[in-house]
Amino acid sequence: MRLTHYNIVLGTVSALALAAGPVAAQQFSCGKTGGNFVFAQEAKVNSLDQHTSSTISTRNVAMNMFESLMTRDENMSPIPELAQEVVEAPDGMMYTFKLRQGVKFHNGKPMTSDDVVASFDRYKKVGILKGMLDPVEKWEAPDAQTFVIKMKQAQPTFLENLSSFSVPIVIVPRENTDAAAMQLKTVGTGPWEFVEFIADSHVRVKRYAGYTPDRRMLTTNGFGGYKVACFDTVTFRIVTEPGARVAGLETGEFHGVEDLPAKAQSRLKDNKNIVLKPLSNFWVQIATPNLSFPPTDNLKVRQAIQAALDMEEIMEAATDGAYRLNIGFQYPGQAFYTEAGKETYNQKNKDKAKKLLAEGGYKGEKLILLTNQDYTNMYTAALVMSEQLKAVGMNVELMVMDWPASVQKQQNTTDGWNFFFTGYGTNTSLGGAEPLRFHSHPFNTYKPKGNVPDAELMTHWNALVDSKSLDDRKAAFARMQARVLDQVLALPFGSLTKVQAVRANVEDFKPFRIPRVSNVWFKG
Amino acid sequence: MGRYIVARLIQSIPVLILVSVISFGIMKLVPGDPATLIGGPSATPAELDVIRQNLGLDQPFHVQMWKFYAGLAQGDLGTSLLLGKPVLEATIERIPVSLSIALYSMVLTLLIGLACGVVAALNRNGWADQGAMIFALIGVSLPNFWLGLMLIILFSVHLGWLPTGGYVPWQESFYGWLRTSTMPAVSLALLQIGLLARITRSTMLEVLRQDYIRTARAKGLPEFVVIGKHAFKNVMIPVITVIGIIFSVLLSGSLVIESVFSVPGVGSLLGSAVLRRDYPMIQGGLLLVAWSLLLLNILVDVLYAYFDPRVRYDHGR
């Protein structure tokens with residue numbers, strides 16, 4: 001199967017649509033070049049080592065400098081990036097990547113398959129998602145432009161995993177691959193090269209003059225595509241205080257910001273100097289139960305909780321109105337989107353809840369909601385949920401910790417809590433099997449007794465990851481989602497919209513999961 | 001005096017060891033680890049395990065502790081888990097930022113706080129006293145993050161005089177430093193001005209009731225000499241203690257103010273290290289801060305001797 005041809009066609013179609021509509025089909029060019037684009041981001045950058053950090057803040061910056069063999073397009077489908085073509089053997093036991101010609105690293109060295117081998121070697125040692133390479137027997141470089149992966153066992157979703165932007169296997173020069181975790185030198189092949197990183201202050205990058213763009217597409221397409229650096233430099237400023245981000249955008253000190261607070265959006269939407277760029281479906285707001293601790297070990301009680309919840313009220317409060325109701329773990333438009341389990345969602349049926357509580361023998365046992373205030377939307381969702389459950393006669397208590405402590409409690413203990421509040425962002429947007437991975441063994445985020453997973457759930461999971469046909473995998477996804485919702489192994493509340501914003505003189509900025517600073521320019 | 005200073009420095013060693021033991025122990029007792037921050041909400045338990053492995057957090061407590069003290073004995077405070085650079089380097093590069101803003105803030109505090117306190121005492125119960133004390137009350141009452149945001153709205157958004165945040169080192173551009181440091185320094189200073197003004201006022205009122213002041217006035221000395229030479233110098237004894245405390249607060253930085261103004265200072269470094277469970281950074285950073293505060297205390301003690309000739313430390317002679 002020649003995946004490349006298939007995906008490039010898809011890529012080109014979406015690139016065309018994005019670039020110029022039905023009229024012109026020409027490659028992007030900057031209306032004007034030059035200037036320093038200042039983008040204010042909300043979270044601190046820990047490290048720019050893209051192999052060993054899965055945070056959004058790292059990705060926001062690093063993915064403008066690094067590239068990988070394959071990545072995801074605008075609709076999150078796999079597309080080649082540094083690969084010219086990808087050939088999968090008919091038995092799925094070998095993948096051959098031909099590399100794009102003329103690609104150079106920021107240090108001026110031409111990229112070869114030897115660098116790809118070294119990058120994979122490093123990833124296998126320290127990469128956060130190194131588990132994706134478990135089914136691989138070995139990789140090798142038969143010549144300078146060819147990279148071959150040989151599998152121990154065929155895995156239909158291997159290229160999906162390989163193209164994941166979560167913690168991608170970015171290709172770096174061999175001489176940098178001995179770096180310890182978190183200490184990789186920021187030398188990639190992207191259109192932007194590293195200038196400086198002052199922790200807690202800013203990261204500055206500049207246009208890489210030696211960049212070889214991917215001419216197969218017309219403009220940027222997801223994380224890949226035809227990228228052009230229009231600005232001379234880009235400064236990613238770390239501005240954790242939302243009020244300061246808004247103020248900087250209003251004064252023009254920042255040309256773009258991420259995560260504009262909802263309250264500021266209503267004020268700024270009439271400001272002709274500012275353009276809001278909403279990015280819907282940023283993550284699924286969710287709570288996962290603990291089946292090992294009463295009363296959530298009782299299915300009837302869990303179903304009662306599910307029946308009582310008014311998702312609109314929860315999401316409205318948690319996001320200040322920036323949300324969409326959303327059934328399950330995929331968004332409409334994604335390949336695996338399904339309404340399976342729809343009847344369980346947003347029931348807001350107090351009578352049914354009370355009846356189920358009675359049937360389940362609920363005697364006023366304490367229900368503990370484990371949440372945190374680092375992510376205020378998680379805290380608020382828990383707060384509203386607790387009030388809704390009190391209204392049907394439940395004895396609810398909030399346990400508020402900071403984020404690391406709440407994660408540790410959820411992961412390491414099955415005592416003293418009933419629902420854990422979180423958000424599924426990257427995994428949900430990656431699609432495929434990823435959004436349900438947390439519910440599969442050994443993760444079992446619903447904390448079954450003895451960590452013994454729900455057998456039916458695992459049957460669906462195995463079909464989801466092992467079926468060769470896409471349709472079979474989609475069907476398995478629908479069955480698994482239905483099972484999760486039916487057994488109340490998760491409570492997805494809805495999807496959160498994140499709003500980016502730019503000054504009005506910033507042209508061609510399109511909201512995406514990272515702030516893409518290529519193919520963006522200053523007007524006037 | 002020299003012997004006293006050396007003795008104080010030696011005495012500070014057990015204090016530093018105690019600080020390191022407490023910070024190491026407390027951080028290990030606090031639930032949560034940096035892996036959850038690096039991984040983010042979407043990280044799977046397996047991903048978190050890989051991160052922990054990469055950071056060496058999978059090693060037993062005693063091994064981690066042994067490594068920390070073995071490094072410390074060689075002057076190595078370890079490497080920040082999240083910044084990937086030596087703790088000493090990460091802290092030292094932040095100290096000039098916090099120090100310059102602390103000094104700026106201290107100058108404002110001394111000029112305004114002392115002036116308000118003295119003027120209020122000299123005009124006891126008059127309008128100047130009332131005005132100065134209302135100003136001091138506002139200073140101690142306003143939350144500094146709120147004040148910071150109000151300053152941004154006024155001076156950045158409406159007037160456009162100052163940038164909303166960031167930091168320019170004074171070596172790079174003094175004007176740039178002044179523009180970026182003024183709002184953080186004012187936000188930090190206002191609380192301290194209020195405290196200093198109130199303490200200066202009460203101390204000054206106490207001193208003005210002393211016999212030696214009455215004597216100085218009876219001798220016919222001009223009022224400015226009575227106040228400037230006899231009263232003020234005696235006011236400074238308790239005030240220096242307060243100034244020492246205020247400067248130590250300013251020097252260790254303010255997580256809130258540094259976050260509001262996006263200033264990469266020590267407060268923000270240590271604050272985020274705590275929030276992100278960057279153990280070596282917390283341990284090493286606290287040690288350095290504790291050491292600098294001990295030095296500051298020694299300096300304050302030396303200043304006592306300057307302002308009060310009765311205070312002498314060389315009892316051995």
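**Close-up views of a predicted two-chain model**

**Figure 1. Overall build of chain A.** Chain A holds 14 helices and 21 strands. Helices (H or I, at least four residues) and strands (E, at least two) are DSSP runs, numbered from the N terminus. The model is predicted: local features need pLDDT of at least 70, side-chain atom pairs count only at pLDDT 80 or more, and totals for chains, interfaces and linings use all residues. Residues are numbered from 1 along each chain as its sequence is written, while chains are lettered from A and ligands numbered from 1 in the order in which they are written. The C-alpha trace of chain A spans about 70 × 60 × 45 Å along its principal axes. Its radius of gyration is 24 Å, which agrees with the value near 24 Å for a compact globule of 524 residues. That radius is taken over C-alpha atoms, and the globule rule is 2.2 Å times the number of residues to the power 0.38. Of the 524 residues, 55% count as buried. Buried means that 20 or more other C-beta atoms lie within 10 Å of the residue's own; exposed means 12 or fewer, and partly exposed lies in between, with C-beta atoms placed from the backbone. Among contacts in chain A between residues at least 6 apart in sequence, 73% join residues at least 24 apart. Two residues are in contact if their C-beta atoms, placed from the backbone, lie within 7 Å.

**Figure 2. The four-stranded sheet of chain A.** An open antiparallel sheet runs in the order β4-β5-β7-β6 (chain A). Its edge strands, β4 (83–88) and β6 (136–143) of chain A, each pair on one side only. From one strand to the next, the twist averages 15°. Helix α3 (residues 113–126) of chain A packs on the sheet and touches β5 (94–99), β6 and β7 of chain A. The direction of α3 makes about 160° with that of β6(A). Axes are lines fitted to C-alpha atoms, for helices over the stretch in contact, and angles run from 0 to 180 degrees between N-to-C directions. Two strands pair if DSSP finds at least two bridges between them. Five bridges join β6(A) to the antiparallel strand β7 (residues 146–151) of chain A. There, E140(A) stands opposite V148(A) in β7(A).

**Figure 3. Two hairpins of chain A.** β4(A) and β5(A) pair in the antiparallel sense over five bridges. E88(A) has Y95(A) in β5(A) as its bridge partner. Five residues lie between these two strands, and G92(A) in the turn has a positive phi of about 75°. E193(A) stands opposite K206(A) in β9(A). Three residues lie between β8(A) and β9(A), and D200(A) in the turn has a positive phi of about 65°.

**Figure 4. Surroundings of Y323(A).** Y323(A) is found in strand β15 (residues 323–324) of chain A. Y323(A) counts as buried because it has 25 C-beta neighbours inside 10 Å. Not counting residues up to four places away in sequence, Y323(A) touches M315(A), G494(A), S495(A), L496(A) and T497(A). T296(A) is 27 residues from Y323(A) along the chain, and their C-alpha atoms are separated by 27 Å.

**Figure 5. Helix α11 of chain A.** In α11 (residues 403–412) of chain A, W403(A), P404(A), A405(A), S406(A), V407(A) and Q410(A) are buried. The buried residues of α11(A) pack against β16 (366–372), β17 (395–401) and β18 (419–424) of chain A, together with α2 of chain B.

Figure 6. Chain B has 13 helices and zero strands. Its C-alpha trace spans about 80 × 65 × 35 Å along the principal axes. Buried residues make up 41% of its 317 residues. Chain B averages a pLDDT of 84, and 95% of the residues score at least 70; pLDDT is the predictor's confidence in each residue, from 0 to 100. Confidence in chain B is lowest in helix α2 (residues 34–39), at a mean of 74, and highest in helix α8 (residues 174–208), at 91. The model scores ipTM 0.71 and pTM 0.81. The contact takes 42 residues from chain B and 49 residues from chain A. On the side of chain B that touches chain A, α3(B) gives the most, with six residues.
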